Every structure is written in structure tokens, then in C-alpha cells.
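I opened this entry to look at how two chains meet. My notes follow in the order I looked things up.

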Amino acid sequence: MPLARIDVLPGTEEKTLTQLGDAVYRAMRETIDVPEGDLFQILTRHGEGGIRYDPAFLGVRRDDGVVFISLTMRAGRTPEQKRALYRRIVELAADAGVAARNVLITITENELIDWSFGEGEAQLAR
Amino acid sequence: MPLARIDVLPGTEEKTLTQLGDAVYRAMRETIDVPEGDLFQILTRHGEGGIRYDPAFLGVRRDDGVVFISLTMRAGRTPEQKRALYRRIVELAADAGVAARNVLITITENELIDWSFGEGEAQLAR
Amino acid sequence: MPLARIDVLPGTEEKTLTQLGDAVYRAMRETIDVPEGDLFQILTRHGEGGIRYDPAFLGVRRDDGVVFISLTMRAGRTPEQKRALYRRIVELAADAGVAARNVLITITENELIDWSFGEGEAQLAR
């Protein structure tokens with residue numbers, strides 16, 4: 001059910017973008033109890049200037065390899081699960097050649113009734 | 001006030017995308033009490049690989065005709081209204097040639113104060 | 001921490017889009033207590049038809065110079081702060097040549113734990 005939007009600059013190759021998607025999916029499987037096959041992602045490579053970022057906010061060094069990961073998912077994960085998710089995404093992203101310092105993540109939460117996976121049904125809600 | 005983001009793959013034609021927007025607007029008018037003229041949508045056709053999805057999650061068959069509809073709207077709609085909304089979107093999308101199994105919908109809620117429709121005013125809040 | 005998505009039509013030039021980003025950042029600095037350097041934005045110029053809007057909803061006149069500003073930020077700002085934010089964005093956007101009537105803004109809120117600014121850490125949460 002998480003929907004992930006992943007936004008990158010031209011500095012990140014097409015292939016790396018797909019690997020990033022894999023990293024996000026696998027990290028969610030491992031840390032926040034996402035079921036197998038729950039893979040829904042929108043991946044966008046923007047043009048130059050399409051993403052703006054501060055290169056040093058909070059003491060983290062960033063460059064044009066920045067990756068913005070915006071997750072929408074149902075409420076209920078604990079702070080510890082979210083911390084584990086961030087750590088694991090960054091570890092797996094590193095395997096794809098994306099530096100930990102370049103990975104920004106934000107989570108927005110909703111409820112089970114707020115999802116339809118096709119056929120006009122709210123499959124997750126009782 | 002709902003803002004709808006609709007994301008599709010190249011398999012969905014430009015014209016169909018507009019018809020999908022119409023379907024979403026009309027379904028909201030009919031099921032969740034959206035006022036006339038409250039039509040605000042961002043429509044994006046991505047390149048190949050720009051949307052990733054599982055072809056069978058929750059037993060629904062999907063293909064490259066998938067349509068992701070992300071709605072942001074004020075809190076307050078009941079579960080029954082949301083179910084009616086999903087059903088109606090899918091019915092009207094079918095008229096545009098989009099299969100019910102290919103329509104994914106997610107809702108994110110905020111409050112009336114979280115909207116400005118121009119002029120720097122929060123028109124919906126008291 | 002706010003992540004701003006700014007979406008425009010071809011009627012808005014590249015340079016104006018960057019100036020709009022500056023306006024949003026500066027307005028947030030002045031009205032809702034955003035720290036220096038907290039500048040994270042995704043700017044997208046869509047093709048013709050990529051943004052749909054009602055030209056007169058709520059009595060505000062809009063045209064293809066419309067600008068959709070979607071802000072994700074931690075909960076906690078008061079209604080008065082949000083009103084001040086909207087007013088200030090619109091004032092500064094006007095300096096960039098964007099008419100007040102064409103600026104639409106929506107806010108979605110989350111919590112401090114919902115942000116990672118790199119290195120896999122949740123820098124804002126205790």
C-alpha cells in the first residue's frame with residue numbers, strides 16, 4: 001500500500017532510479033511489514049533545476065545526486081519502525097551507488113479506507 | 001478543493017487522460033459533495049518505466065494501462081462516501097476505456113485552513 | 001522541512017518558476033518559522049493540458065499562468081500562521097510576475113519523525 005514517489009535529477013541514471021525503487025520496496029518489506037507484491041511507485045527524472053535543495057542543511061552534504069523519496073502509507077508505524085526504514089533504505093540505496101547523504105525521505109500517512117487497488121473496491125478496509 | 005494528481009504510462013493516450021480527469025471530477029460531484037467548478041488536477045504521462053506496479057497484488061490483474069489517482073482533500077468524508085467515490089470513478093473511467101482493474105486510488109486528507117484558491121486567502125476557513 | 005512541489009503550465013517561464021521557489025522559501029522563513037537552509041523543492045513545468053483548473057471557482061479569475069503549490073510540512077502551525085504564509089507567498093510571487101489570483105496553495109501535514117534529511121537519520125525527532 002505505500003505509494004512511493006521518487007524524484008531525481010539528471011545526475012541519476014535511469015537504471016539507478018529503478019534500483020532505488022527496488023531498495024525502497026525491499027526496505028519496506030524488511031522493516032515496516034509491507035506484504036509481498038505491494039510495490040507501487042512513480043519515478044521521475046527531472047530536468048536540470050527541477051529539484052532544488054540546500055547543499056548543507058542540518059550538516060549533511062548534498063549534491064546533484066539527491067534523491068527525494070515521498071511515501072504515502074497508512075498510519076500506525078512506530079517511530080522505531082520509521083527509523084529502521086530510513087536506515088535500511090539508505091543502506092540498500094548505497095548498493096545502487098546512491099550516497100547516504102543524498103537520500104531525503106518524507107512520509108505522509110492516511111488510513112486503510114483511503115486505498116483502492118483496482119475494481120473500485122477499498123480492499124484493505126473492513 | 002480536492003487536488004487530484006493523475007499519473008499514467010504511455011499506454012494511456014492524452015485524450016483518455018483528460019477523460020479520466022472528467023471522470024474523477026464527476027464522481028466527486030456525485031458522491032462526496034464537491035461543489036461545481038471545484039476542478040483542480042495535475043495530469044502526468046510518464047515515460048516507459050515511470051510507474052512501477054505489481055501486476056497481481058490483492059488478486060487484481062493490472063497492466064500498462066494502470067492509472068494512479070492521488071486525491072488530496074479536506075477530512076470528513078465517511079467510509080461509505082469513499083467507497084461510493086471509488087466505485088463511481090471506476091464506472092466512469094470504464095466509459096473512457098480504462099479497465100476497472102487498472103485504477104488505483106489513494107486519498108490524503110487535510111483541513112479547510114490548508115487551502116488557498118488564489119489572492120492569498122484561505123477561502124474555505126472561517 | 002517543508003517539501004514544496006510547484007507545478008506550472010508552459011505559460012510560466014523557467015526563470016519565473018525558480019523565482020516562485022524563492023518566494024515560497026522566503027515566505028516560509030518569514031511567517032512559519034522555517035530555519036535557514038530548509039529549502040527543498042520539486043519544480044515541474046507541465047505540457048499544455050497538464051494542469052486543469054476552473055477559471056472562476058470561488059470568484060477568483062484564473063488563466064494559464066496558474067501555479068499549484070503543494071506543501072508538505074510538520075503539523076503545528078496555527079491558522080493565523082497559515083493565513084500569513086498564503087498572503088506572503090502571493091506578495092512575493094507578484095514580484096516575480098505571477099498574479100495573486102493564479103496562485104493555489106495546499107498544505108499536507110505530518111510529524112517530525114516523518115522526515116529524514118540524509119544519512120538514514122530522522123534528524124528532527126527526539
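What pLDDT does chain A average, and what share of the residues score at least 70? I looked this up before anything else, since the model is predicted. Chain A averages a pLDDT of 97, and 100% of the residues reach at least 70. For the complex, I noted an ipTM of 0.97 and a pTM of 0.98 from the predictor.

Next I turned to the interface. I found 33 residues from chain A and 31 residues from chain B in the contact. The area buried between chain A and chain B came to about 2500 Å². Carbon and sulfur atoms give 57% of that area.

Then I went through the polar side of the interface. I listed three salt bridges between chain A and chain B. I looked at the pair A:Asp22 and B:Arg52, which form a salt bridge with their closest N and O atoms 2.6 Å apart. I also recorded 19 residue pairs in polar contact across the interface of chain A and chain B.

Which elements of chain A give two or more residues to the side that touches chain B? I wrote down strand 1 (3-8), helix 1 (14-31), strand 2 (40-45), strand 5 (103-110) and strand 6 (115-116) of chain A. Strand 2 of chain A gives the largest share, five residues. Sorting that side of chain A by class, I got 12 nonpolar, 12 polar and nine charged residues.

Last, I checked strand pairing between the chains. Strand 6 of chain A pairs with strand 5 (residues 103-110) of chain B, antiparallel, over two bridges. I noted that A:Ser116 has B:Ile105, in strand 5 of chain B, as its bridge partner.

Methods:
Residues are numbered from 1 along each chain as its sequence is written. Chains are lettered from A and ligands numbered from 1 in the order in which they are written. This is a predicted model: local features need pLDDT of at least 70, side-chain atom pairs count only at pLDDT 80 or more; totals for chains, interfaces and linings use all residues. Side-chain values use heavy atoms; hydrogens and water are left out. pLDDT is the predictor's confidence in each residue, from 0 to 100. Contact means heavy atoms within 4.5 Å. Buried area is the accessible area (1.4 Å probe) that two parts lose on being put together, summed over both. A salt bridge is a side-chain nitrogen of Lys or Arg within 4 Å of a carboxyl oxygen of Asp or Glu. A polar contact is a pair of N or O atoms within 3.5 Å; within protein, one must be able to donate a hydrogen and the other to accept it, and residues adjacent in sequence count only if both atoms are side-chain atoms. Helices (H or I, at least four residues) and strands (E, at least two) are DSSP runs, numbered from the N terminus. Ala, Val, Leu, Ile, Met, Phe, Trp, Tyr, Cys and Pro count as nonpolar, Asp, Glu, Lys and Arg as charged, and the others, Gly among them, as polar. Two strands pair if DSSP finds at least two bridges between them.
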